Every structure is written in structure tokens, then in C-alpha cells.
Amino acid sequence: MIKKGIAILGSTGSIGTQALEVISNYPELFSLEVITAGKNAKLLIEQALQFQPNSVVISEESLYDEVCNALKDHPIHVYTGEDALCQVVESTQVNVVLTALVGFAGLKPTLRAINAGKDIALANKETLVVAGELVTQAAQEKGVNIYPVDSEHSAIFQCIVGEFHNKIEKIYLTASGGPFRGWSRDQLINVQREQALKHPNWSMGAKITIDSATLMNKGLEVIEAKWLFNLKPEQIDVIVHPQSIIHSIVQFEDGSMKAQMGLPDMKLPIQFALTYPSRLKTDFQRFNFLDYPQLSFEKPNVEVFTNLSLAFQAMETGGTAACVLNAANEITVAAFLEKKIGFLDIAAINQKTMNLISSKNNPNLNDYIAFDKEARNVASSLIL
Ligand code: NAD
Ligand code: MG
């Protein structure tokens, strides 16, 4: 059997480290070719020493020397800088690129990987939110597969495998509701960073954890689903399911619904994205019905968690609208994490930024880069 060469962009993060666990369980199936990190040189070095990849990238240039020194006795290439991410994914040894870095930074390397004919295991949902049209078109042209890693989208993907040309009538993305489910706007005014960073069911990176608390994560996932599964906005619905056992649901044209369920564990969707169409035996913890005598469902409160409505609005508008929303949200989440703005300011500034920048249709890559920059400037100016 030919081993799959894997590149992990963002190997030191929550998805990246779990992907390394999966890969290390199947040394006969995978060869780890590339790992990259933003600033966490220490963990990147540890991972490189353990896995001996062909190349590593540390994006933060000031840390380049540290990584080079630590790996100098090993046959490992070390690179730095923005362009390096785009180059390493093109390596002939790489077959699949797992995009596990955060935000807009994933867009260029993902496009470069697609253009080089590499399959994508996509965790970096922001890439599809920002430029879903461009990315899915490029993938189609190159005959490249985009396998979802996000648990909801993996669930939908698992439900439609084997359905051939049966049409999807509708999908339901499930949402845990985050740590503030049921809270009023008044209660949310004084929410602190530490409270927002405590997700009830999943342990994830800081940005997505805040996005989960504001429901922006679900909004981003709605747009991600539109592009992954070629759906119209009215075919996508969100249902709050606090136990996070049902990971999402597909409804077909005959009314039949298929759901994918299991205990929340990102290793499963990561593994399925890397081994599709096979399911490999794991020792992941199994679900016990009696531990969950009730699975419950609620409507999301979009009056309080307005980010979810903003995402639907951006999806309806199309063009660069979702790129603008994503950029504003990257700025506001970072500002909230730095304690510069309050919890409710995140959605308020996102909305103001969207209102101030009109959308452009049929954008190309340069348009996305320009709109991303402008939205960051506008959102930053609203923070001061
Ligand atoms: P994280 O913050 O834990 O890790 C991010 C990784 O990317 C780290 O290795 C970091 O060094 C690197 N990185 C961050 N910014 C970078 C930049 N500008 N340039 C280069 N490298 C950079 O994040 P995470 O929770 O693993 O999430 C990664 C992606 O996967 C996000 O898009 C997130 O929405 C998505 N996702 C995560 C989960 C989860 O359970 N963590 C679930 C579904 C989807
Ligand atoms: Mg998700």
C-alpha cells in the first residue's frame, strides 16, 4: 500500500496535535512530510524531533534561528515567512494538506495546495467562508477533493456517502449553544474572557472557542456548508443540541433524515478525512445511551446571538460580504481576548463593519485580500 504524504498546517494547535495522534496510530498508512506553526517554536521542535518530517515552517520570522539550531543535526528543512507555507504544500511528497491554522491566513496556502493538485482535509473553515466560490471552483477544476474536518460537516459528509445522486433537501447543523446558552443580553454585558473560553463540550483553540460562545462559529459553519455541499441558504438550518452527540443531520427529498452521532472527539472526523472511504478501527471512547437518557433540541436565540444572523445575511448577499464579516470577526475576537472590548461588542462591531463596506460580486483573490484588509481597518477603527 502506498503511504499518504501528509502536510499539517498548524500542527501545534488543537486540531494539529490531535491529527498527529491519529497519524502516529497508523505509521503504515501515513508519512508526515510537513508540519508548520505560527509562533509555538518549542512544540514545533518537539514534534519535528519525534516525527522527522521532511520540512517545517515557523511563520514567526524571529523564531527561525531557534528552530534551525534545534534541528540542525537532522535532515529536516526549516523555513519561515508567509510564502514558505505556500511553497511547502506543493512538495511532490505531499498528497493531502490538513489545513489546521486559524483564520484568513489559511486562504493562500489552501489555494496553492489545490492548484498543485493536493487533496485538502479542511479544518480551517475561514478559508471557505472568505472565498468559498474561488476555492471550490479551483478544486473542481483541478479534480481535488476537499474532505471536511469540522465535526458537523464531517457528519453531513458521512451521511451522504453512498447516497450517490440522491438530492439533499435540507441539512441541520447542530450547535451546542456554547457556555452562554439561554443567557439574556443583560447577562452577557459583563461576560469575561475566562468565562467565554470555557466551552461545555469541546476543548479547542481560543479563537474558535470565542466564536462558539458568540455563535459566530455556527454562522461560519453555515457558510462553510453552503460551499462544501453546494446548498442554497434556505437549505441550511441550525438547531441547538446541548449534548453535542448528534453532530449534524441530512434530510433527503423523500423526508428521510440521517444523522451522525457519537461522543464529541475531533480525532474521529480528522481520521475520516484522512482515511476516507475507509473506517479504521479505533479505541476512541464509545457512546453509552444510558449516560444520555435525553437528547434535547432548541431554537437558537438569534436576537441575543446576532452573529448567527449576520452570517446568514452575508451568505445571502454573496460576493465579498462573508470575507468582510470574517475579517471583522478576527479583529473583534482578538480585541475581546485582549480585554479591549466587551463580549457584546464583538457582534456589534462585526455588524457595523458589514454595514460600512458594500459587497463586490465575482471577486478574485486580490479582491478578497483587499476587502479583508479594509474590513480589518474599519473594525479596528471602531474598537478605539
Ligand atoms: P489553535 O489556535 O489551537 O491552533 C492553530 C494552529 O495554527 C497553531 O499551530 C498555530 O501556531 C497556527 N497558526 C495560527 N495562526 C497562524 C498564522 N497566522 N499563520 C501560520 N500559522 C498560524 O486552533 P484550532 O482550534 O486547532 O483550530 C484550527 C482551525 O480548525 C480553525 O479554523 C478552527 O475554526 C477549525 N476547527 C477547530 C476545531 C477544534 O476542535 N479545535 C473544530 C472544528 C474546526
Ligand atoms: Mg464545528
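Which residues form a nonpolar patch on the surface? I looked, and found Met261, Phe289 and Leu290, with about 370 Å² of accessible area together. For a patch, I took residues with over 30% relative accessible area and no salt bridge, joining nonpolar side chains (Val, Leu, Ile, Met, Phe, Trp, Tyr) within 5 Å and like charges within 9 Å. The areas come from the Shrake-Rupley method with a 1.4 Å probe, and for residues only the protein chains shown count as cover.

**Ground rules.** This is a predicted model, where local features need pLDDT of at least 70 and side-chain atom pairs count only at pLDDT 80 or more, while totals for chains, interfaces and linings use all residues. Residues are numbered from 1 along each chain as its sequence is written, chains are lettered from A and ligands numbered from 1 in the order in which they are written, and side-chain values use heavy atoms, with hydrogens and water left out.

I placed Met261 in strand β11 (residues 257-261); strands (E, at least two residues) and helices (H or I, at least four) are DSSP runs numbered from the N terminus. Met261 is partly exposed, at 37% relative accessible area. My scale is buried under 20%, exposed over 50%, partly exposed in between (1.4 Å probe, protein chains only). His247, in strand β10 (residues 246-252), is buried at 8%. I listed the contacts of His247 beyond four places in sequence, and they include Met261, Trp202 and Ser151; contact means heavy atoms within 4.5 Å. The His247 side chain also reaches the backbone oxygen of Gly262 at 2.8 Å.

**The core.** Next I checked the largest nonpolar core, which has 124 residues. A core here is a set of buried Ala, Val, Leu, Ile, Met, Phe, Trp, Tyr and Cys residues joined through side-chain atoms within 4.5 Å. Ile8, Val56, Val149, Ile171 and Phe343 touch the most other members. Helix α14 (residues 321-337) gives the most to this core, with 12 residues. I followed Phe343 and, beyond four places in sequence, found contacts including Phe180, Leu188 and Phe336.

**Val94.** I found Val94 in the loop between α4 (82-88) and β5 (96-99). Is Val94 buried or exposed? Val94 counts as buried, at 1% relative accessibility. Among its contacts beyond four places in sequence are Gly5, Val34 and Lys118.

**Salt bridges.** How many salt bridges does a search of the whole structure find? The search gives 19, each one a side-chain nitrogen of Lys or Arg within 4 Å of a carboxyl oxygen of Asp or Glu. I looked up three.

- Lys108 and Glu82 meet at 3.0 Å, N to O. Lys108 lies in helix α5 (residues 107-115) and Glu82 in helix α4, so the pair ties together parts 26 residues apart in sequence. Lys108 is partly exposed at 32%, whereas Glu82 counts as exposed at 57%.
- Lys339 pairs with Glu194, the closest N and O atoms being 3.6 Å apart. This links distant parts of the chain, 145 residues apart: Lys339 in the loop between α14 and α15 (343-356), Glu194 in helix α9 (residues 193-196). Lys339 counts as exposed at 52%, and Glu194 is partly exposed at 40%.
- Glu221 and Lys218 meet at 2.7 Å, N to O. They are separated by about one helical turn because they sit 3 residues apart in helix α11 (residues 216-229).

I then traced a network of salt bridges that links Glu221 and Lys218 with Lys125, Asp150 and Glu152.

Technical notes
Polar contact = N/O pair within 3.5 Å; in protein donor to acceptor, adjacent residues only side chain to side chain.
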